[in-house]
Amino acid sequence: MLIVYNLSPSLCMKDEFTFLSMLIPGPKQPGNDIDIYLEPLIDELQELWNGVYTYDASHKKFFNLKAMLLWTINDFLAYGNLVSCATKGKYGCPICGENTNAEWLPHSKKMAYCSHIRFLPKNHPYRRKKYPSTKLREVAPQCPAITIVVEVAKLRNVVNDFGKGRKKRSRNEENDTMWKKKSIFFGLPYWEVLVVHHNLDVMHVEKNVCESIINTLLDCKGKSKDYYNSRLDLEEKNIMSHLHSYEVDSIPHLPVAAYTLSKFDKKLFCKRLFNLKLPSGYSSNISNCVDVEKHKLIGLKSHDCHVLMQQLLVVAIRGIMEEGPREAILRLSKFFHGLCQRVVDKEEIIKLELEAAEILCKLEDYFPPSFFDPMIHLVVHLPREVRLCGPVQFRWMYHFERYMKVLKGFVSNYARPEGSIANCYLSLECVRFCETFLKQSDKPIGCADV
């Protein structure tokens, strides 16, 4: 889908100005081979960059129309296929690139993305606390900024290998580079000089952060980030000694953490969400997602997590846990609220960049490394994209997810859904064109000329 940013803010995200450029047939997604399907689109974008002879109906004259692809908007899974880089493992952060600080957790069997102190200035109080002397602060690791020229130079020697016959890398094989291929978007003449090629989706990042926090606080089985193996990782790394597991009569026990809720607090947390009365149209009925007896939230949608993260979570955790982790979660809620404002103040965004790093450092003091998956880490990069690209309302997935539901409603033949979608979309475009044309007519419809 393509949207036109050369319109007023109230129009550019409307359905009638969203163009369905192509349909990739199923039933399986192409994955890394998506570039093959994107070739016709790239050809048209190159033609638009060179200019197309177009008639302007308002001025009644011809002109040379030019257009360019500004960036892409997609979820994190599709991000890896379009950017052609790793989104998990050693180089799991596409923004940090090869400077990603990923640490393998042997007992949890996954990567942890910690040490966010390197995103803070050298004279920040957190860094002075961790590195007391000036010499230590000077040599302490600090995340360097990614330069587009360096990344493009690394991609020049990458050889694309499409098709299903290529050899898959084994789990134990070490990958020395974050790049899987050279993206087809580099075929556009202006793509190399763009500062932001692909946007991180705030909607999915916020949803995953919200679910991680709630599931950890309520200790949901199979979804919590705090479990027995995560405590073994703490022993392996010799950190957070107060959270190390111990055995009583050969039965392992986990010490109570600062964010751990008692059974009474879990019930109080769920009751507060269950009894909330919200204005009509503010959000869905959150109480339908709350199970008070089992102490868990189920079936949360993306917008439910959006409202929970920014508004309701602050109310639900009030006075039911220790002050340290509660303050960090409240600051994280305030951070997302400031990030999603419709009016962007550059000074405030610069403050949010520092605030994001401080919040993650604060969370590292209380939560185990297993809590810090790629989605938690991506929070530190969100203010940068707001500073470079503008408000998130024009770059998140809410509009596209809703429009995809409209397209799925066009399907009448489930054996060939692509044909149904294309047929109904073309019919809808014709109706909209006729409607626009008839509105410009001065004569009543159906009346003959006299």
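The largest cavity is lined by N74, F76, Y79, N199, L200, D201, H204, V205, M375 and L378, where a cavity is a set of points, on a 1 Å grid over the protein atoms alone, at which a 1.4 Å probe fits but cannot get out, and lining residues have an atom within 4 Å of a point. The model is predicted, so local features need pLDDT of at least 70 and side-chain atom pairs count only at pLDDT 80 or more, while totals for chains, interfaces and linings use all residues. Residues are numbered from 1 along each chain as its sequence is written, and side-chain values use heavy atoms, with hydrogens and water left out.

**Cavity**
- About 40 Å³ of space lies in the largest cavity, a volume being the space filled by probe spheres set on the points, which are joined across faces, edges and corners.

**Aromatic pairs**
- The whole structure holds eleven aromatic pairs, meaning rings of Phe, Tyr and Trp (its six-membered ring) with centres within 6.5 Å, called stacked under 30 degrees between planes, edge-to-face over 60 and tilted otherwise.
- F185 and W191 are stacked, because their ring centres lie 5.1 Å apart and their planes meet at 25°, and both residues are buried.

Methods
Buried < 20%, exposed > 50% of the residue type's maximum accessible area, 1.4 Å probe, protein only. 1 Å grid on protein atoms, 1.4 Å probe; cavity = no way out; pocket = protein on both sides within 12 Å on 5 of 7 lines; lining within 4 Å.
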